Structure formats: structure tokens, C-alpha cells
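Okay everyone, thanks for coming.

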Amino acid sequence: MTRRPRIYLSPPHMGGREYELLTEAFESNWIAPLGPHVDAFEREFAQVVEVQHAAALSSGTAALHLALRLLDIGPGDEVLCSTLTFVASANAIAYVGARPVFIDADPGTWNIDPRLVREELESSARSGRLPRAAITVDLYGQSADHEPILEACKEYGVPVIEDAAEALGATYHGHPVGGFGRFGVFSFNGNKIMTTSGGGMLVSQDGEAIERARFLATQARDPAPHYEHSVVGYNYRLSNLLAAIGRGQLEVLAERVEARRANFDAFLQALGDLPGLEFMPEADYGRASRWLTCLTVNPGTFGADREEIRLALEADDIEARPVWKPMHLQPVFASCRVRGGEVAADLFARGLCLPSGSALSASEIERVVSIVRRCHRP
Ligand SMILES: *Cc1c(COP(=O)(O)O)cnc(C)c1O
């Protein structure tokens, strides 16, 4: 039997003008972590996400790290963080020597629970030890419920960093995600909705802060003809070649969102009748990008658990992944405080991310669907 090609979870999808722009960058000889494509990418990106300023960086993780540095967070400080996320959100807190305090997810959105954010702020205010910032995550292409979070954080003077790495193209009350907190963070890693192979963006309405981010991202060189440094900096800028790819990807972002949403609708259509499968809900406050199509499996009613389905897919060379393992269950953060945690733990225990690439074909979807259906035992 001829082997069919592997179906990946979320592979890169070129197809616009990326190659043409990359060639142009090459021919101009701006083969460096600066250049006209970096400047243009920042301008165009800021426009798309409706923010004033953007700094193109080498990764989303670098953007998170710089956001925390810009807020002057350091050893001994606490930072609230969604527990249901990719490790990068929490790692950045550790980079600056601060401690994450994890907050559980809301079962209706899978995002950080605004009521628990307020509870944690109230209780830390009572003990006289407020967190220095809060990192919210727009999970799997869905915006967090920013209004109540921002309201609570404002009351206590706690700045918000919006980790929108998974949700470029999604909206909240009609506005693009990423611009709601003091800083917004995006990623152009290979599996995200748009990619530059690797890269990230830090955005803000605060132009001085973004200027400072560019300074810190280029080894914090003070103005002088020689190399003069008064603070510790990083080598975090995005290459001009990769920025050229990013500009091409940005041109087709809206199409990519529609394709990912269509994947979700197709899976829902084809699997929605099966008992014990529940798709990630879409909150009525916004429009999700459906970066990944995620569902939970109730083994009692479905007749198989998440791992059985994942392994059956893998046996047919189809990549599916468990939902993120919450940060409060990770050995590296075992000693950190968590408020709640049961919702995220349950989503991890029963949650599955299906192949969700924007170039996924109808026949590939059918291949996934038939295997999931075969796992069902009434
Ligand atoms: C991908 C991702 C990041 C990190 O992005 P990189 O560009 O890979 O550093 C940060 N936060 C979340 C929630 C992500 O999914």
C-alpha cells in the first residue's frame, strides 16, 4: 500500500508574495537584523492589529521577555499568568527572576478566568503584596475576556501583557487582539497562523516603550561612536529576510483565518453528532481565528479516551496533540502558587488538538474524521 503523506498539526502555508519579497530583500543586500523590510513589516503589522507601534523581534518569547523588562519586573516580583498556555508565557517571567502565580481557565472560553484574576488581586492586596503584572493568553485563536480583566487590573494598578501569540487575526468586541493591554505579543513560529520560520512582534500604544524595546533588542547601545553600554541588552531583532516573508504572510492573513475557521466548521459538521465530543466553545464577545481546532473527549460516552484517538491518528501518520499541559502541573513550576487549576487540568486530561493547517484539504479532513469516527464505541 502506498503511504499517504503525513498530515501535520499546523504546518507553514506560503502562497502569497513571500518569495518575491524575500528575493527583493536578498538582492538589496539588506541581509541583517535591520533594513527596509523590518521597518515596513512593523508599520504594516501595527496597522493590521490597530496599535500605534510595533517592534519586530526574533521570537514571541523575546517579546514577552522585553515586555517584562520594560515594566521593570525583577527578582522577588510576582506576575499573574494563565496556567493553560504554552510554556513561553511563564518562562519569560522566570527569565527576569520573578515568580509566576498561575490562574485557572474559564470552562466557557478555555481562557484565563476573569473572576479568579479579581479574586487573586483582592487577596494579594489584602496581604499587601500585589503582583507587578498580569500575562493573559488568547488561547488557540480565541481572545481572553479582556474587559473585566483590564478593569480589575486597573483598579489595582497592575499592567497587563496580552500574549496574543496564538490568536493573530481574532477579534474581541470587533477589535483585533493584541492591543488591549500595555503590551501585546505575537509569534511567527513555524506552526502559528502566519510564520516567518521564527519571529515575533511586541506591540503597544506607547511609542517610547517600543523605542526602548528596539534599544534593548540591539544590545542596548548608548549613543556614542564607540560601543557604550549602561544596561544589559539582548540580540533580539528580526532579520530583514524574515521580515520580508512576514510582509507576504500578512497580505494573506485574512484568508488564513477564514481557512482555519472553515476547518473547524468542517470537523464540527462531520463529528458533531458523536456523543462525548465537545468542541472548544466560541465566546460571544469576539470572533476566534480557530488557530487550532480543539475538542474534549468524554470517554464514558464516546467509548474511547483522548489518547486512544490521538494514537489511532498517529498510527495513520496524522499529527494531533493533547491540549497544553497546564503550567501549575509542570515540574519546572511545581513550587509556584496557583488559583484554581482544576478546569485547566481537566482540559489537558481530555483535550485534543486536531490538524488545523490553513492548507488542509477536504480529503485530509475526511481522513482525520474517518479515524476519529472509527474510535467511537457506542
Ligand atoms: C508560540 C507561543 C509563544 C512563543 O512564541 P515563539 O515565537 O515560539 O517564541 C508564546 N506564547 C504562546 C501562548 C504561544 O503559543
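**A walk through the model**

Let's start at Asn29, which is exposed, with a relative accessible area of 61%. Before I go on, keep in mind that this is a predicted model. Asn29 sits in the loop that links helix H1 (18–28) to helix H2 (36–48). Its phi is positive, about 65°, even though Asn29 is not a glycine. As background, most residues other than glycine have a negative phi. Asp317 is another non-glycine residue with a positive phi, near 65°. You'll find Asp317 in the loop between helix H11 (306–315) and strand E13 (321–322).

Okay, zooming out to the domains. The chain is split into domain 1, residues 18–253, and domain 2, residues 254–375. How far apart are the C-alpha centres of domain 1 and domain 2? They lie 25 Å apart. Domain 1 puts 45 residues into the contact, and domain 2 puts in 40 residues.

We get 4 salt bridges across the interface of domain 1 and domain 2. Arg337 makes a salt bridge with Glu120, and the closest N and O atoms in that pair are 3.1 Å apart.

E3 gives the most, with 5 residues. If you sort that side of domain 1 by class, you get 22 nonpolar, 14 polar and 9 charged residues.

Let me stay with H4 for a minute. In H4, the buried residues are Ala88, Ser89, Ala90, Ala92 and Ile93. What do the buried residues of H4 pack against? Their partners are helix H3 (60–70), strand E2 (78–82), E3, strand E4 (133–137) and strand E5 (160–163).

Asn91 is in helix H4 too. Is Asn91 buried or partly exposed? Asn91 has 23% relative accessibility, so it counts as partly exposed; the cut-off for buried is under 20%. Asn91 and Thr61 are 30 residues apart in sequence, yet their C-alpha atoms are 8.1 Å apart in space. Past the end of H4 comes Gly97, with a positive phi near 85°.

Last stop, His146. This residue is in helix H6, residues 146–155. Why does His146 count as buried? Because its relative accessibility is 2%, and buried means under 20%. And who's around it? Setting aside neighbours within four places in sequence, His146 is in contact with Thr136, Asp138, Glu162, Tyr172 and Phe180.

That's my tour, so let's open it up for discussion.

Notes: Residues are numbered from 1 along each chain as its sequence is written. This is a predicted model: local features need pLDDT of at least 70, side-chain atom pairs count only at pLDDT 80 or more; totals for chains, interfaces and linings use all residues. Side-chain values use heavy atoms; hydrogens and water are left out. Domain bounds come from an automatic or database domain assignment. Contact means heavy atoms within 4.5 Å. A salt bridge is a side-chain nitrogen of Lys or Arg within 4 Å of a carboxyl oxygen of Asp or Glu. Helices (H or I, at least four residues) and strands (E, at least two) are DSSP runs, numbered from the N terminus. Ala, Val, Leu, Ile, Met, Phe, Trp, Tyr, Cys and Pro count as nonpolar, Asp, Glu, Lys and Arg as charged, and the others, Gly among them, as polar. Buried means under 20% relative accessible area, exposed over 50%, partly exposed in between (1.4 Å probe, protein chains only).
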